Amino acid sequence: MSSFNTKVIQQRRTMSSMSSDTTTTTTITTTSPIRRTTAATMVPTTTTTVIFQPTKSPRETLFAIYELAQYKANLPMNMLMLQSFMAGIYVGMAGQLFLSVGAGLLGAAVFPVGLVALVLTSAELYTGDTMLFTAAVLGRRVTVRSLLRNWTVAWIGNFIGCLTWSFWITYSSGALQEVGQVALAIQIAEKKALQPWMHVFCKAIGANFMVCLAFWQSITTQDLLSKSMAIWFPIAGFVMMGLEHAVANQCLLPLGMILAGSASKISVGRLLYVLLAATLGNTLGGGVFVGAVGWYVNDSPSAQIMYHNNNLTMGGIKDGIKGKIMEEEGEDEESKPMLASASSSFDSNRDTDYADPQPPRCPTTRTTETKRAVSTMDRIV
């Protein structure tokens, strides 16, 4: 008898009435080839079950944020500086694209390309890290010292990256002159820089609230298209609304100063003044209104009590359905698949939506935590 391979792939979708998530269970049965030595040769069979969830629950997303923050907290300094620099490059690229198409609605629609690149390469953007590290510190996964280290290096690296792109790519190449948008770049820079301090601060709160919302949604999703869409609309929205993003201003304001030359109305002192207002507003909008709120509703002591009670409730519902099926159908052969299906569905919900995983708290051994964080990056980003 010649060797043979048979693969049977069966997909089964189950929709739980207690959860909005759709779970696809793929069962793969593989029969391996084997040479027949006797008439009674047995063919070994292995079965693998893969469970795929298109999105994470809010609680699962928060724990993924913890793991991502631990990974970032354990980056070596040279890697942290390089990734922070590259984040500034991506934002500078998006800023030039925004100006090249004439700003406005079209500019807002294309600006998110830089943020998508940033997320997919796991670069260090200061404004996104405000959410990650605030949540992780409150959840006792990283230390305040790690937070300050990351924020400081990310802010400075972002600024250097933005300046590099603005001078070497946008200004030195004459690209904006070729598309006739130099006057627009100067106008936008001066409009942003000459606002009252409180206006910049309040706009910055709203801007990073939307940016961190985009980051949160991207972590919730699993595939490339969903991540891109989750990022695209909030980022385009804050640009359309004219809100203030500190790292975007690190690109647009210096560029306007360089293009205007000696006629610029923006001094270095005014530049730093506006960046300070935007940085503080961004920190509040992303760190408190997204990071801290996400931690409070999903992992604070009150949230843990709520999830524990929901877990008990789900267990009671599961037992009730088991009893109902047994009462109506009896313990015959036809009712057993129904009972097994109900049990599997509720067990899945309890294990995902209401489980209380407890990753290690603040790392004590840097090497061990780094290995654990690196091993989880592929399924987070």
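Which helix does His199 lie in? Select it and see: His199 sits in helix α9, residues 197–220. Keep in mind that this is a predicted model.

**Stop 1: His199**

Show the side chain of His199. Its relative accessibility is 45%, so His199 counts as partly exposed. In sequence, His199 and Glu244 are 45 residues apart. In space, their C-alpha atoms are 9.2 Å apart.

**Stop 2: the whole chain**

Zoom out. Colour by secondary structure, and the protein shows 15 helices and 3 strands. The protein has 381 residues, and 48% of them count as buried. The accessible surface comes to about 18,800 Å². Carbon and sulfur atoms account for 64% of that surface. Next, consider contacts between residues at least 6 apart in sequence. Of these, 77% join residues at least 24 apart.

**Stop 3: helices α11 and α12**

Select residues 246–260 for α11 and residues 268–299 for α12. The two helices pack at an angle of about 165°, and their axes are 9 Å apart. Angles over 145 degrees count as roughly antiparallel, so α11 and α12 are roughly antiparallel to each other. The crossing of α11 past α12 is right-handed.

Which residues of α11 and α12 make the contact? On α11, show Ala246, Asn249, Gln250, Leu253, Pro254 and Met257. On α12, show Val268, Leu271, Val274, Leu275, Ala278, Thr279 and Asn282. Colour the residues of this contact by type: 9 are nonpolar, 4 are polar and none is charged.

**Stop 4: Gln181**

Move to the loop between α7 (175–178) and α8 (182–193), where Gln181 lies. Is Gln181 buried or exposed? Its relative accessible area is 15%, so Gln181 is buried. Leave aside residues up to four places away in sequence, and Gln181 touches Leu99, Ser100, Gly102 and Leu176.

**Stop 5**

Most residues other than glycine have a negative phi.

Start with Ser122, in the loop between α4 (112–120) and α5 (126–138). Phi of Ser122 is positive, near 55°. Ser122 counts as buried, at 13% relative accessibility.

Then go to Arg140, in the loop between α5 and α6 (144–171). Phi of Arg140 is also positive, near 60°. Is Arg140 buried or exposed? Its relative accessibility is 51%, so Arg140 counts as exposed.

Technical notes. Residues are numbered from 1 along each chain as its sequence is written. This is a predicted model: local features need pLDDT of at least 70, side-chain atom pairs count only at pLDDT 80 or more; totals for chains, interfaces and linings use all residues. Side-chain values use heavy atoms; hydrogens and water are left out. Helices (H or I, at least four residues) and strands (E, at least two) are DSSP runs, numbered from the N terminus. Buried means under 20% relative accessible area, exposed over 50%, partly exposed in between (1.4 Å probe, protein chains only). Contact means heavy atoms within 4.5 Å. Accessible areas come from the Shrake-Rupley method with a 1.4 Å probe; for residues, only the protein chains shown count as cover. Axes are lines fitted to C-alpha atoms, for helices over the stretch in contact, and angles run from 0 to 180 degrees between N-to-C directions. Angles under 35 degrees count as roughly parallel, over 145 as roughly antiparallel, 65 to 115 as roughly perpendicular and the rest as oblique. A crossing is left-handed if the near helix is turned anticlockwise from the far one by less than a right angle, and right-handed if clockwise. Ala, Val, Leu, Ile, Met, Phe, Trp, Tyr, Cys and Pro count as nonpolar, Asp, Glu, Lys and Arg as charged, and the others, Gly among them, as polar.
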